Amino acid sequence: DVGVEAYSPWRNIYHCCTQKTASQWLRGIFSDPDFYRYTGLLMQPYVQLGLNTANLQTEWPAGTAVTHLYVNHDTFSSMPKSGDYRAFFMLRDPRDCVVSWYYSARYSHNSVQPITMLRENLEARSETEGYVFMIDWLNEVGFFAAQSSWFKASEDQANVRLFRYEQLNQTPRDFIDQLFNFLEIPMPESIREELCERRSWSKITGGRQKGEQDIRSHYRRAKIGDWKDAFSITTHSHFNQVTGNLVSELGYED
């Protein structure tokens, strides 16, 4: 049994995101015994794809860290909550999200819906046509709109913070410090260091370095700017046509 050395000041912590933003990595953090030891919060997963179809009408129990809530900000705002909480949203360059979604749906994800449908469509198309299909589907399910909704909301709310996948990718230790400071988790420096080491990229991929690709792995490549290698001129043009000024709105560069 793991004893609790410090209790979180928050009734709940909500980890909100879209897919392809290291959601499984963060789930591992929130289910780690050391996280429980210094918060007293039990990890509660939300496993639905969510976004436009999310319907959260039941309040989460007190004393839980709810992880990978795939929801837009309007859905989160209308979700029943009581007591003080902290929420954060994980943002990633939407173009890299498209690439990650493509490879996951095409090769690595378990064959469940909607993956089965996506895989059949991607297998029947060229790579460029597949990316165009993926962009349209992500737009239809509200992926890009969810990113935009959270980016705007995080500017005005003290208990909501935006974090970027790119920082986690490049400096995971600094990311954990900033996240835990926002969540007011008094985990000692040495324990944070051990936690990050247990969840390091090389540990969870069996020794691969970031940038080394395994298309059959959930942890495929972790390369920032992956879209530059993947997008054709046609793909890039279609992405811009569908998403407008989303990239610059979210603070990313062309």
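Predicted model: local features only at pLDDT ≥ 70, side-chain atom pairs only at ≥ 80, totals over all residues.
At what angle do the axes of helix α6 and helix α13 cross, and within what distance do they come?

**View 1. Helix α6 meets helix α13.** Two packed helices are described by the angle between their axes and the distance between the axes. Here the axes of α6 (residues 127–140) and α13 (residues 233–243) cross at roughly 15° and come within 9 Å. Because of that angle, α6 runs roughly parallel to α13. The handedness of the crossing is right-handed. On the α6 side, look for T128, Y131, V132, I135, D136 and N139; α13 brings T234, T235, H238, F239 and V242 to the contact. By residue type, the contact of α6 with α13 holds 5 nonpolar, 5 polar and 1 charged.

View 2. A disulfide is a covalent bond between the sulfur atoms of two cysteines. C196 is in no disulfide either, and the nearest cysteine sulfur, that of C17, is 18 Å away. Are these side chains buried or exposed? C17 has a relative accessible area of 0%, so C17 is buried. C196 is buried as well, with a relative accessible area of 10%.

**View 3. The loop between β1 and α1, with K20 and A22.** K20 is not a glycine, yet its phi is positive, at about 70°. K20 has 15% relative accessibility and therefore counts as buried, the cut-off being under 20%. A22 is found in the loop between β1 and α1 too. Although A22 is not a glycine, its phi is positive, at about 65°.

**View 4. A cis peptide bond at P114.** Which residue is joined to P114 by a cis peptide bond? The partner is Q113, and omega for this bond is about 5°. To find the spot in the structure, go to the loop between α4 (94–108) and α5 (115–123), where P114 is found.

Definitions and conventions
Residues numbered from 1 in each chain as written. Heavy atoms only, no water. Buried < 20%, exposed > 50% of the residue type's maximum accessible area, 1.4 Å probe, protein only. Disulfide = S-S within 2.5 Å. Axes fitted to C-alpha atoms, helices over the stretch in contact; angles between N-to-C directions. Helix = DSSP H or I, 4+ residues; strand = E, 2+ residues; numbered from the N terminus. Parallel < 35°, antiparallel > 145°, perpendicular 65-115°, else oblique. Left-handed = near helix turned anticlockwise from the far one by under 90°. Contact = heavy atoms within 4.5 Å. Nonpolar A, V, L, I, M, F, W, Y, C, P; charged D, E, K, R; others polar.
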